[in-house]
Amino acid sequence: EAGVTQFPSHSVIEKGQTVTLRCDPISGHDNLYWYRRVMGKEIKFLLHFVKESKQDESGMPNNRFLAERTGGTYSTLKVQPAELEDSGVYFCASSQLVQGDTEAFFGQGTRLTVV
Amino acid sequence: GQNIDQPTEMTATEGAIVQINCTYQTSGFNGLFWYQQHAGEAPTFLSYNVLDGLEEKGRFSSFLSRSKGYSYLLLKELQMKDSASYLCAVSGQAGTALIFGKGTTLSVSS
């Protein structure tokens, strides 16, 4: 069974440009999370989808970030326009929708560098 | 606020036992996860504790004390491949996003 896949694995863009990150969760996983790790800091929550609905977007830094999950399958995270402080590793994770906690499966991340 | 503390780095030798501590202060608590992350790879699930006590899984065990806001991950019979970052993460509410510590980088030498 395929795990969580993210594309691209690396992206280097100039300040002011737009970048779109993609996450394909494990099939059947209704929960999809986006996290980000800035260098030297902890992994921080950005947004949580349940199927196609945004359950919690309290971690989104500002309105330059837009996440979508059309059809409740894959998700995209767009940064427009990118700023230097957006550099970091963006992780996607998915899990089954169950009562209580369950293991979240992570992708390898997209390393975004804004120059 | 939300605060999860764990040591930044630890070193150990092959065959040894190492304990990685994690203390947390969060507005809510449902359970605590430990993940392992090798450089450039995805974090992978190691253990989950919701009740006080020790959960054992092969060479790895995890302990939780809810009253003390404390957990540890115990790794026995260390192998070189155990060199990785170990992430402590709290679930504040069931099914919601995880709150992570900065991770502990463990280096195992021969």
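So, A:Arg64: setting aside neighbours within four places in sequence, its contacts, meaning heavy atoms within 4.5 Å, are A:Lys78, A:Val79, A:Gln80, A:Pro81, A:Ala82, A:Glu83, A:Glu85 and A:Asp86. Before I go on, this is a predicted model, where local features need pLDDT of at least 70 and side-chain atom pairs count only at pLDDT 80 or more, while totals for chains, interfaces and linings use all residues. Residues are numbered from 1 along each chain as its sequence is written, chains are lettered from A and ligands numbered from 1 in the order in which they are written, and side-chain values use heavy atoms, leaving out hydrogens and water.

Back to A:Arg64. You'll find it in the loop between strand E6 (53-56) and strand E7 (65-68) of chain A; strands here are DSSP runs of at least two residues, numbered from the N terminus. Buried or exposed? A:Arg64 is buried, because its relative accessible area is 12%, and buried means under 20% with a 1.4 Å probe, protein chains only. Its side chain joins that of A:Asp86 in a polar contact of 2.5 Å. By that I mean a pair of N or O atoms within 3.5 Å; within protein, one must be able to donate a hydrogen and the other to accept it, and residues adjacent in sequence count only if both atoms are side-chain atoms.

Now A:Arg36, which sits in strand E4 (residues 31-37) of chain A. A:Arg36 does make a side-chain polar contact with A:Tyr90, at 3.1 Å.

Over to chain B, and B:Gln6. This one is in the loop between strand E1 (3-5) and strand E2 (9-13). B:Gln6 is buried too, because its relative accessible area is 13%. Where does its side chain go? One reach is to the backbone nitrogen of B:Cys88, at 3.1 Å. There's also a polar contact with the side chain of B:Thr104, at 3.0 Å. B:Gln6 and B:Thr104 are 98 residues apart along the chain, with their C-alpha atoms separated by 6.4 Å. Other contacts of B:Gln6 include B:Trp34, B:Tyr86 and B:Gly103.

Key:
Helix = DSSP H or I, 4+ residues; strand = E, 2+ residues; numbered from the N terminus. Buried < 20%, exposed > 50% of the residue type's maximum accessible area, 1.4 Å probe, protein only.
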